[in-house]
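Hi there,

Here is the structure I promised to pass on to you. Please open it next to this email and follow along as you read.

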Amino acid sequence: MAGITSYGAYIPLHRLPRTQIAAAWGVPPQGGEKAVRNFDEDSITMATTAAIDCLNGIDRSKIDGLYFATTTSPYTERQGSTIIASALDLRSDIRTADFTNSLRCGMEAVAAAMDAINAGAANSILVTVADTRIGAAQGDFEQSFGDGAAALLLGKDNVIATMEGSYTMTAPIMDRWRAQGDTFVRAWEDRWTLDEGYTKMLPQAAAGVLKKLNLEPKDLAKAAYYGPNGRRHGALARRLGLDAAQVQDCLFDTVGDTGAAQSMMTLVAALEEAKAGDKILCVGYGNGADAFVVQVTNAIEKVRDRLGIKRHLEAKRPIPSFAKYLRWRELVTLESAARPERIPTSISALWRDTMSILPLYGSKCKACGTQQYPPQRVCIFCHEKDQMEPVRMSDKKATIFTFTHDNLAASADPPNTVTVVDFDGGGRGIFNMTDREPEEVQVGQTVEMTFRKLYFDRGLHNYYWKTMPARG
Amino acid sequence: MAVGIKDRVAIVGMGCTKFGENWEMSADDMLVEAAYEAYEDAGIEPKDIEAIWYGTVWSGETGGPLAGALKLQYAPITRVENACATASDALRNASYAVASGVCDIALAIGVEKLKDSGFSGLGAAGGIMTSGIRPDTTAPGNFAMMATKYFSRYGLSPDEGKRMIGMVSVKSHHNGTLNPRAHFQREVSLETVLKAPIIAWPLGLYDCCGVSDGSAAAIVVRAEDAKKFRPDPVRIKALQMSVGNEGLVRSDYDYTHVESTYQAGLRAYEEAGVKNPREEIGMAEVHDCFSITEAVTMEDLQFSPRGKVKEDIESGFFNLDGGLPVQPDGGLKCFGHPIGASGLRMIYEMYKQLQGKAGPRQIKNPKLGLTHNLGGGPPACTIFVGIVGE
């Protein structure tokens, strides 16, 4: 039986205590903290990082599809899943699709992937989901929304949790929405949206799938379902017929309402603790609700080395200030840096160099065996011409050879840390470093590569890799 | 068989504007100032110039802007661009032209108008269209990574390392006070240098050279003709270049030296017949765009043993009254750095010193002067090393 074959997750390093937001505007705090993406992260980069976590030890050439679910895609016309697929170095003859415009778009992506697999159209599809929504200043959403991502690999072989069945219901309710061009999430009055929407529809979907499978709530080891806040999430347990012990924490107090990503992040957290035979219910909400039940197999023990939710939760750092949060979200207008204007990006040059940029390919000389980055025609060491084979550097560890913290270069997280690194196995590159404490950066330090947004310029989100201290 | 350039070409006239924030002067104004000072110095008329090598990085394309400024009557002009090593390359090409006999009198001139950009530091709009995919680095950032590695490799704590390179700037600031054309003419203490804001760790404000406007010019003739122009011409002993752009790919590059400086130095010493640079070179103007650059250049030019420049800096060996005065005019640090003009400014100081006209900063009997001019940044450097003498 087909189902989940691997899982991964991503939570940004930085956390903002909700008391800091509340104190800034003089409003009551919601409690806990929220995960905040760095200035160089967006839904595409977070989904990519969760996918890398999910693909640990898995042959990427065997994946037949990549779905990307988000309500916060950086582009309205350019497919995010193609960028992620390229960064992950997946084959080009795979199915890619973006699922969007609803907080249950990730659940729909899972359903579509399962349909394709069950129909025999694909053996293995990777579903990624990420969101980074923002609420307007001093409102509830400003405190409740957090950033995060999850990834599920679905397929027929080495299944760690079989897909037992699913249920879907659709409803054109206007409870929360963003129109084209809206920066902040809009909502109708809280009591109505939660009572008539969330509190009614999510249990309907849950009951629907249980009925289909002839299951009772007591048969579930865990229920991983969306929660717009901790109180509402907890209150729903009784309606679902669940004991507190069956309810998987929805990460509200630690990460926040991660929108489209939340139900799947919660499912990943449940899978991390699950044992063979466990039945887990997963329910997503948004313009209706989607539910499915999986049953864990013995194979789950083979995917225990993920950073997942648990280790990403542990490896955290407070964002230095609320002002920095506003800056990273580009919610304040800063005095522009007195630096020369960026030369416009040549998109034809960008396309020509795709392999050395998105999947971070270098080259290895077949004559003398040395790795070099970026890819070369003439070997830097033995000077043989065109004897190179491509080699992927993005999943290699590297060592800092030298570095600087540059205050002159423009950065949303100054100083701009630049590292020269040597990849394990050879090859040297110069990369910005992110998610670092300047005082902790050292020559000889081991770093990992992380997929980030290098800059946004004239409508172009340009992605590349940066170095960062090993996480988790 | 190549015979080299030694003693085949002489400089008979030079000009150099004040370097600095020349708000009142355009690039054209500065070209006129430098060229006419050189004409007068050589005792020639503009019409005597037969060919021109005109260096600028950002202040003009083709020879057209120079022809417009100097009204050179349809003379041939080659525009030279080699980043911060531009003006040295203009001199090299002009010298080769007179040495080959295709003309008798050639002008090498460099200019840069940097301060009209509206920001501090280098940079300009335009440039090569690329994917844009590279980390956002700056000139101080690129050279700072040499300092980080130098400190790490030779076991210097950040404080020890910053003191070492700080003393380089203290020395150059002292020399700048003795030069009325220098951009900065103020003494600074080591404490001031160490406490200054960080530009790119570990480099602070005083580890970085000035960003300046300026122009400098040289008139070259064949050596045998030189005495017709003046009694004290300065002879060219070596003009060498080395270009490297391999370091970022080569994982064996150590980031504590610039290989092309070492290579250009070796060739220049061979061309000039210098056996022991530390003993034979009487003075040097090197490319101290940043204090760390000057420090490692001392080792690359074999003035100091590898890893030992700290001892020579601390003993004052490179001070005006030391064994090998370096940056007698204040260097890029204090004289300033209009990038397309700096190479000729370095030669200008050597020329004046060799003629005994350097005033309060005059070095006693310098005999041989070396200039070192660097374009680009580590590890991709375009290096010129020249040697001039009596």
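Apart from its neighbours within four places in sequence, B:Ala108 is in contact with B:Trp53, B:Ala90, B:Leu91, B:Ala94, B:Ala217, B:Ala218, B:Val220 and B:Leu344 (in contact: C-beta atoms, placed from the backbone, within 7 Å). B:Ala108 also belongs to the largest nonpolar core, which has 257 residues; A:Val127, A:Ile280, B:Ala108 and B:Ile109 touch the most other members. A nonpolar core here is a set of buried Ala, Val, Leu, Ile, Met, Phe, Trp, Tyr and Cys residues joined through C-beta atoms within 7 Å. Buried means that 20 or more other C-beta atoms lie within 10 Å of a residue's own, with C-beta atoms placed from the backbone.

A word on how to read all this: the model is predicted, local features need pLDDT of at least 70, side-chain atom pairs count only at pLDDT 80 or more, and totals for chains, interfaces and linings use all residues. Residues are numbered from 1 along each chain as its sequence is written, while chains are lettered from A and ligands numbered from 1 in the order in which they are written.

Next, the two chains. Their contact takes 39 residues from chain A and 34 residues from chain B. Which strand gives the largest share of chain A's side? That is S18(A), with six residues (strands are DSSP runs of E, at least two residues, and helices runs of H or I, at least four, numbered from the N terminus). The side of chain A that touches chain B divides into 20 nonpolar, 13 polar and six charged residues. For these classes, Ala, Val, Leu, Ile, Met, Phe, Trp, Tyr, Cys and Pro count as nonpolar, Asp, Glu, Lys and Arg as charged, and the others, Gly among them, as polar. S18(A) is also joined by two bridges to strand S5 (residues 198–201) of chain B, and the two run antiparallel (strands pair if DSSP finds at least two bridges between them). In S5(B), B:Ala200 is the bridge partner of A:Asp406.

Within chain A, the domain assignment (automatic or from a database) gives domain 1 (3–328) and domain 2 (359–469). Their C-alpha centres lie 31 Å apart, and 17 residues of domain 1 are in contact with 13 residues of domain 2. H2(A) supplies the largest share of domain 1's side, four residues.

Finally, have a look at H2(A) itself: twelve of its twelve residues are buried, including A:Ile44 and A:Asp53.

Enjoy exploring!

How values were computed: Contact = placed C-beta atoms within 7 Å.
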